[in-house]
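The sequence and the model are shown first, and the description follows.

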Amino acid sequence: MTIHPIVSALRSAIRASGDSSRAQAQQKYMKSEMPYRGITSGELTRLVRDVLATTAFPPSREEWVGAVRSLWDDAEFREERYAATTLAQHRSAKTWQDPVALALHKHLIVTGAWWDHVDTVTSKCVSPILAAHRPIVTPIMRAWAVSDDLWLRRASIISQLPHRERTDTDLLTEAILANVEGTAYGREFFVRKAIGWSLRQYARTDAEWVEAFVAEHGDRLSGLSRREALKHL
């Protein structure tokens, strides 16, 4: 398979950067099996920006997906995966951010299988697609909420974090109640945290709804979820 020039350019730039001593600390902090190059978030942002300024973005959906998958699937260092998520959400790919693109984003969530990847892909890619294509994507989020994959469940729960007054409270309720205490993943930290986070965020828009939700379902929410939900109320 032909590798798009942007993939080679990003790999080369990442390879030439970093700090080995910082890399060890980053890997330990993130509990990552994949090693780091030791590039800070700000450095990586500038690195990717510089590459994109001098290298043409993939001109078609197929080449875009191929570039993201190549960077992601063949990554040897975690920064390559961060660069892949940057390509996945880049404004140059805006016209391809539709329900078809969820296959790519689902792959990144399932294989990324850790909060940093999952939260970025969900907030920057999945959430905008849900907002723009609710009739098609809402049933998909419902299916993710009861998936056998922990990270798809988390993605479903937090899929509306940026939606504010456009939040579909029926979907939010269904995603949460599918993952409360007594369900298959109800004791998972990243699920309990996601429930609290989604409620806390929506409380900024409709505090009364969140208070009523917790009053009705609080006995099924974990202590962590309840505390997070009511944190600013």
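The structure is a predicted model.

**Nonpolar core**

The largest nonpolar core comprises 63 residues, and those with the most contacts inside it are I6, L10, L87, I109 and I176. Helix 11, which spans residues 189–203, gives the most to this core, with seven residues. In soluble globular proteins, nonpolar side chains tend to be buried together. Once its neighbours within four places in sequence are set aside, L10 is in contact with L47, V48, V51, L71, A83 and L87.

**An enclosed helix**

Helix 9 covers residues 150–157, and eight of its eight residues are buried, so this helix is largely enclosed by the rest of the structure. The buried residues are L150, W151, L152, R153, R154, A155, S156 and I157. Their cover includes helix 6 (102–112), helix 7 (115–132), helix 8, helix 10 (169–177) and helix 11. At the N-terminal end, helix 9 is capped by D149, a side-chain oxygen of which lies 2.9 Å from the backbone nitrogen of W151.

**Aromatic pairs**

The structure holds eight aromatic pairs. One of them joins W114 and F190 in an edge-to-face arrangement, with 5.2 Å centre to centre and 65° between the planes. W114 is in the loop between helix 6 and helix 7, whereas F190 is in helix 11, so the pair ties together parts that are 76 residues apart in sequence. W114 is partly exposed, at a relative accessible area of 22%, while F190 is buried, at 15%.

A further pair, W209 and F213, is stacked, with 5.3 Å centre to centre and 20° between the planes. W209 and F213 are four residues apart in helix 12 (residues 207–217), a separation of about one helical turn. An α-helix has 3.6 residues a turn, so residues three or four places apart point the same way. F213 counts as buried, at 4% relative accessibility. Elsewhere, W114, W151, F189 and F190 form one aromatic cluster; W151 is also among the buried residues of helix 9.

**Salt bridges**

The count of salt bridges comes to twelve. Three of them are listed here.

| Salt bridge | Closest N to O distance |
|---|---|
| R11 and D74 | 3.9 Å |
| R61 and D98 | 2.5 Å |

The bridge between R11 and D74 links distant parts of the chain: R11 belongs to helix 1 (residues 5–15) and D74 to the loop between helix 4 (61–73) and helix 5 (78–89), 63 residues apart. R11 is buried, with a relative accessible area of 18%, whereas D74 is partly exposed, with 48%. R11, D74 and E80 are linked in a network of salt bridges.

The bridge between R61 and D98 likewise links distant parts of the chain, with R61 in helix 4 and D98 in the loop between helix 5 and helix 6, 37 residues apart. R61 is buried, at a relative accessible area of 19%, and D98 is buried, at 16%.

K193 is partly exposed, with a relative accessible area of 28%, and E228 is buried, with 9%.

**Two buried arginines**

R200 also lies in helix 11 and counts as buried, at 17% relative accessibility. With neighbours within four places in sequence left aside, R200 is in contact with E228, A229, K231 and H232. R200 and S225 are 25 residues apart in sequence and 9.1 Å apart in space, C-alpha to C-alpha.

Which side chain of opposite charge is nearest to R134? R134 lies in helix 8 (residues 134–145). R134 is buried yet has no salt bridge, and the nearest side chain of opposite charge is D168, 4.7 Å away. A salt bridge requires the nitrogen and the carboxyl oxygen to be within 4 Å. The side chain of R134 does make a polar contact, at 3.3 Å, with the side chain of Q160. Beyond neighbours within four places in sequence, the residues in contact with R134 are P139, Q160, H163, R166, T167 and D168.

Notes
Residues numbered from 1 in each chain as written. Predicted model: local features only at pLDDT ≥ 70, side-chain atom pairs only at ≥ 80, totals over all residues. Heavy atoms only, no water. Buried < 20%, exposed > 50% of the residue type's maximum accessible area, 1.4 Å probe, protein only. Lys, Arg positive; Asp, Glu negative; His and termini not counted. Polar contact = N/O pair within 3.5 Å; in protein donor to acceptor, adjacent residues only side chain to side chain. Contact = heavy atoms within 4.5 Å. Core = buried A, V, L, I, M, F, W, Y, C linked by side-chain atoms within 4.5 Å. Phe/Tyr/Trp six-rings, centres within 6.5 Å; stacked < 30°, edge-to-face > 60°.
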